[in-house]
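Keep the structure open beside you as you read.

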Amino acid sequence: MKSAMLSVREIMLRPTTKDLAKAAGVSRATVDRVLNGREGVKKNTVDRVNLAIKELGFVRNIQAANLARSQRYRFVFALPRSGDLFLKEIVRHIDEASETFATDLVWCDVVHIDENDPHSISAFLGTLDPNETTGVAIMAPESPQVRDAIFRLQERGVAALPFIADQSAMEEHWVGTDHHAAGATAATLIGRFSHASEGSVLVVSESMRSRDSLERRIGFDAEMNKHFPGLRTLPSLETYGDEERAERIIHNSVNNNPDLIGAYVLSSEARVPLTILNDTMNSDHLIKISHERTPFTEAALRNGDLDGVIAQDPGHLVRSAVRKLKAITDRLVAKGSQERIRVEVLLRTNI
């Protein structure tokens with residue numbers, strides 16, 4: 001009871017905007033303009049207010065301020081058009097986020113983009129009105145067009161961050177796992193589970209233009225070369241989301257490499273590549289590793305068609321994106337420990 005009373009007392013004694021105004025020698029209206037980033041305040045005045053904030057330990061009540069100025073947050077998730085079960089999980093959690101963050105006056109929308117056309121992505125981002133859109137989480141391969149469109153969006157006052165697919169110029173704000181570590185983990189599982197000293201490993205991706213796939217491949221190769229030098233990792237097969245192409249290139253690779261000991265699907269969708277692989281050959285002897293927890297990968301783990309899944313929690317991804325976009329909008333810093341997306345290893349025994 002004593003600690004609870006102390007907590008209430010501490011809250012009541014927190015400095016207010018009136019205290020800030022007195023310490024900085026300005027009006028409360030000026031303090032309000034500085035806190036809300038409005039123009040028309042001299043730099044030395046802004047510096048005095050910021051110094052007072054630091055000296056007094058002022059913590060702004062964002063929720064109360066938002067209610068006072070009727071602040072609403074509309075966050076758009078720009079997701080690829082092509083996608084399978086993992087994207088459905090992402091969309092489901094985005095719908096849930098609108099309910100979870102309702103008290104913060106947040107609602108979320110989903111817009112599907114052509115991830116293989118950076119010019120159309122750039123054009124879409126250019127249409128977003130700052131008066132209607134507060135922030136955007138973008139899941140798209142890195143390209144100069146997308147990078148520049150994001151910068152222009154930020155200049156117009158719209159918060160933006162890469163979502164799952166990283167952009168090198170925005171590593172501070174992006175949401176996703178350490179892809180190098182994820183790829184290295186997949187290599188460790190294949191190398192140790194196979195117990196083979198020689199053989200080749202099939203690697204399938206939707207597109208190596210995607211930075212997450214590229215970094216997973218780099219991490220995979222580094223681990224393989226260092227710890228399993230007798231295993232030969234084949235060139236990445238790119239399906240581009242086309243099932244006919246996937247069937248053709250996987251079939252050819254299987255026929256040309258009779259010494260296969262493992263298969264690694266490093267894109268987020270494993271259903272099509274693994275189904276084709278199982279239809280092409282008797283793959284029971286292969287060690288098969290994929291990414292992302294979906295109904296398909298769960299079932300494949302349970303029935304032994306898949307040996308391991310490198311996963312990232314889709315609900316955590318979405319909630320982290322919302323919190324980070326809101327923090328950017330409110331000029332705050334999201335808690336790093338809370339927003340770290342961990343690499344999870346799922347096996348038949350722990351799903």
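## Overall make-up

Please keep in mind that this is a predicted model. The protein has 351 residues, and 48% of them count as buried. Its secondary structure comes to 15 helices and 11 strands. Among contacts between residues at least 6 apart in sequence, 72% join residues at least 24 apart.

## The nonpolar cores

The largest nonpolar core holds 25 residues. Those that touch the most other members are Phe-77, Ile-90, Cys-108, Phe-163, Leu-317 and Val-322. Several elements build this core: strand S1 (73-80), helix H6 (85-100), strand S2 (106-113), strand S4 and helix H14 (314-329) each supply at least two residues.

Leaving aside neighbours within four places in sequence, Ile-90 is in contact with Leu-79, Phe-163, Ile-164, Pro-314, Leu-317 and Val-318.

## A parallel strand pair

Now let us turn to strand S4. Which of its faces are covered? Both are: Ala-159 and Leu-161 are buried on one side, and Ala-160 and Pro-162 are buried on the other. The strand covers residues 159-162.

Strand S3 (residues 135-138) runs parallel to S4, and 4 bridges join the two. Within this pair, Ile-138 stands opposite Pro-162 in S4. To get from S3 to S4, the chain passes through helix H8 (residues 144-155), and this β-α-β crossover is right-handed.

The loop between helix H7 (118-126) and S3 contains Thr-133. Is Thr-133 buried or exposed? Thr-133 counts as buried because its relative accessibility is 2%, under the 20% cut-off. Its side chain makes a polar contact with the side chain of Arg-74, at 2.7 Å. Not counting residues up to four places away in sequence, Thr-133 touches Arg-74, Val-76, Leu-128 and Val-158.

Asp-129 is found in the loop between H7 and S3 as well. With a relative accessibility of 28%, Asp-129 counts as partly exposed. Asp-129 and Val-158 are 29 residues apart in sequence, yet their C-alpha atoms are 8.4 Å apart in space.

## A helix with two faces

Helix H2 (residues 17-24) has Leu-20, Ala-21 and Ala-24 as buried residues. Why do they fall on the same side of H2? They cover an arc of only 100° around the axis, and therefore share one side of the helix. The general rule is that an α-helix has 3.6 residues a turn, so residues three or four places apart point the same way.

Turn to the face of H2 that points away from its buried side, and you will find the exposed residues Lys-18, Lys-22 and Ala-23. What covers the buried residues of H2 includes helix H3 (28-35) and helix H4 (43-56). Just after H2, Gly-25 takes a positive phi of about 70°.

His-195 sits in the loop between helix H9 (179-194) and strand S5 (199-205). Tyr-240 is in the loop between strand S7 (237-238) and helix H11 (243-256).

Another loop residue is Pro-258, which lies between H11 and strand S8 (260-265). The C-alpha atoms of Pro-258 and Ser-200 are separated by 8.5 Å, although these residues are 58 residues apart along the chain.

The table lists the accessibility of loop residues from this report.

| Residue | Relative accessibility | Class |
|---|---|---|
| Thr-133 | 2% | buried |
| Asp-129 | 28% | partly exposed |
| Tyr-240 | 41% | partly exposed |
| His-195 | 72% | exposed |
| Pro-258 | 77% | exposed |

Notes
Residues are numbered from 1 along each chain as its sequence is written. This is a predicted model: local features need pLDDT of at least 70, side-chain atom pairs count only at pLDDT 80 or more; totals for chains, interfaces and linings use all residues. Side-chain values use heavy atoms; hydrogens and water are left out. Buried means under 20% relative accessible area, exposed over 50%, partly exposed in between (1.4 Å probe, protein chains only). Two strands pair if DSSP finds at least two bridges between them. A crossover is right-handed if, with the strands pointing away from the viewer, the path from the first strand over the helix to the second runs clockwise. A polar contact is a pair of N or O atoms within 3.5 Å; within protein, one must be able to donate a hydrogen and the other to accept it, and residues adjacent in sequence count only if both atoms are side-chain atoms. Contact means heavy atoms within 4.5 Å. The arc is that of the directions from the helix axis to the C-beta atoms. A nonpolar core is a set of buried Ala, Val, Leu, Ile, Met, Phe, Trp, Tyr and Cys residues joined through side-chain atoms within 4.5 Å.
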